[in-house]
Amino acid sequence: AVLTVFAGLLISFFNTRNINQSIVILQKNTKEIARGNYVKIPKLKAPTEIIELADSFNRMSEQLRQLDEIKSDFINHVSHELRTPLTAIKEASSMLLEGTYRNSPDKQVQLLNITKEECDRLIQSVNRILDFSRMEAKMMEYRFIKSSLGPIIQSVVAKLTPIARRKKIKIQSKSLPDLPLVNIDEERISQLLENLIGNALKFTPKKGRVVIQTRPLKRDRSFVGVTVTGVGITRENIRVIFDKYSRIDDGEHTVPGTGLGLSIAKYIIEDHGGNIWVKSEPGKGSTFYFTLPTAY
């Protein structure tokens with residue numbers, strides 16, 4: 001009986017010591033996180049409940065670290081990206097207030113148009129940055145419904161046709177009849193298509209051609225595939241084309257923008273359960289592919 005009691009006391013002592021040491025480590029690391037140091041707890045010799053608590057603590061620390069990086073990226077990029085349009089708006093409005101072109105109505109209208117265009121650019125940039133931040137933090141909300149891709153593609157093509165006409169680019173949409181329905185958020189898929197087709201129009205030279213094709217995948221009929229073909233992209237750009245804040249250099253200059261359009265496109269497709277990739281041959285053309293699961 002004495003040995004049993006002694007053994008019980010000894011086991012209780014070691015268990016209590018391990019628990020106390022684990023709690024002290026948790027307390028210490030919690031203070032470190034409060035200071036902005038996202039530390040992780042090493043493997044502990046403790047009861048299962050304490051080990052699970054330490055694992056949860058490490059997951060929390062990692063998520064906080066990722067959110068902090070997103071916040072830093074967001075602040076740095078916003079401060080850089082918004083400076084140019086804000087400066088243009090300020091200068092244009094100052095010139096109007098000072099009466100620089102008081103006797104030239106055409107010049108005044110030109111300044112007002114610049115202000116409007118920069119405001120639109122500012123709003124678009126802010127919306128893209130906010131969308132990307134929500135997607136990166138897994139906080140984007142989607143409204144999935146069973147829908148047909150054909151009308152959505154036609155709507156986007158009609159919206160971008162004036163841009164194609166100005167550049168004398170031929171834009172074609174080819175879809176097989178009786179395409180299966182897909183389970184999508186129509187607004188986000190429209191955003192994706194506007195980005196891909198808009199990029200194709202942006203980089204395709206005058207009198208070029210942009211083609212959009214839609215068909216079920218041959219290898220897997222449970223997916224619908226869409227391709228957008230335009231001008232070729234260099235290998236250097238392909239390697240980073242879906243990276244955040246990456247902007248394409250067309251050989252003459254870097255195209256302005258947030259550098260988030262294709263990153264957002266990648267998140268949209270992956271959140272829909274599909275995949276997106278690109279194949280390109282400079283001088284021959286580049287094709288963006290994406291797939292969406294069919295709705296049964």
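Guide: Let's start with α4 and α8, where α4 passes α8 in a left-handed crossing (left-handed if the near helix is turned anticlockwise from the far one by less than a right angle, right-handed if clockwise). Before going on: this is a predicted model, so local features need pLDDT of at least 70 and side-chain atom pairs count only at pLDDT 80 or more, while totals for chains, interfaces and linings use all residues. Residues are numbered from 1 along each chain as its sequence is written, and side-chain values use heavy atoms, with hydrogens and water left out.

Helices (H or I, at least four residues) and strands (E, at least two) are DSSP runs, numbered from the N terminus. The axes of α4 (residues 105–136) and α8 (residues 261–271) come within 10 Å and cross at roughly 40°; axes are lines fitted to C-alpha atoms, for helices over the stretch in contact, and angles run from 0 to 180 degrees between N-to-C directions. That makes α4 oblique to α8 (under 35 degrees is roughly parallel, over 145 roughly antiparallel, 65 to 115 roughly perpendicular, and the rest oblique). On the α4 side the contact (heavy atoms within 4.5 Å) uses R128, D131, F132, M135 and E136, and α8 brings G261, S263, I264, Y267 and I268. Those residues split into 5 nonpolar, 2 polar and 3 charged, where Ala, Val, Leu, Ile, Met, Phe, Trp, Tyr, Cys and Pro count as nonpolar, Asp, Glu, Lys and Arg as charged, and the others, Gly among them, as polar.

α8 also packs on α6, at an angle of about 140° with the axes 10 Å apart, which makes α6 oblique to α8. This crossing is left-handed. R188, I189, Q191, L192, N195, L196 and N199 of α6 touch G261, L262, I264, A265, I268 and I269 of α8, giving 8 nonpolar, 4 polar and 1 charged.

Now for α6 and α5 (residues 149–166): their axes come within 10 Å and cross at roughly 40°, so the two are oblique to each other, and the crossing is right-handed. Among the α5 residues in this contact are I152, V156 and L160, and those from α6 include I189, L193 and I197. The tally here is 12 nonpolar, 2 polar and 3 charged.

Last, the cavity. A cavity is a set of points on a 1 Å grid over the protein atoms alone where a 1.4 Å probe fits but cannot get out, and lining residues have an atom within 4 Å of a point. There is 1 cavity of 30 Å³ or more. The largest cavity holds about 110 Å³, with grid points joined across faces, edges and corners and volume taken as the space filled by probe spheres set on the points. Its lining has 13 residues, and N199, A200, I233, S286 and F288 lie nearest its centre. α6 (186–203), β5 (223–230) and β7 (285–293) each give two or more residues to that lining, and α6 gives the most, with 4. The lining of the largest cavity comprises 9 nonpolar, 4 polar and no charged residues.

Terms used
On a 1 Å grid over the protein atoms alone, a cavity is a set of points where a 1.4 Å probe fits but cannot get out, and a pocket is an open set with protein on both sides within 12 Å along at least five of seven lines; lining residues have an atom within 4 Å of a point.
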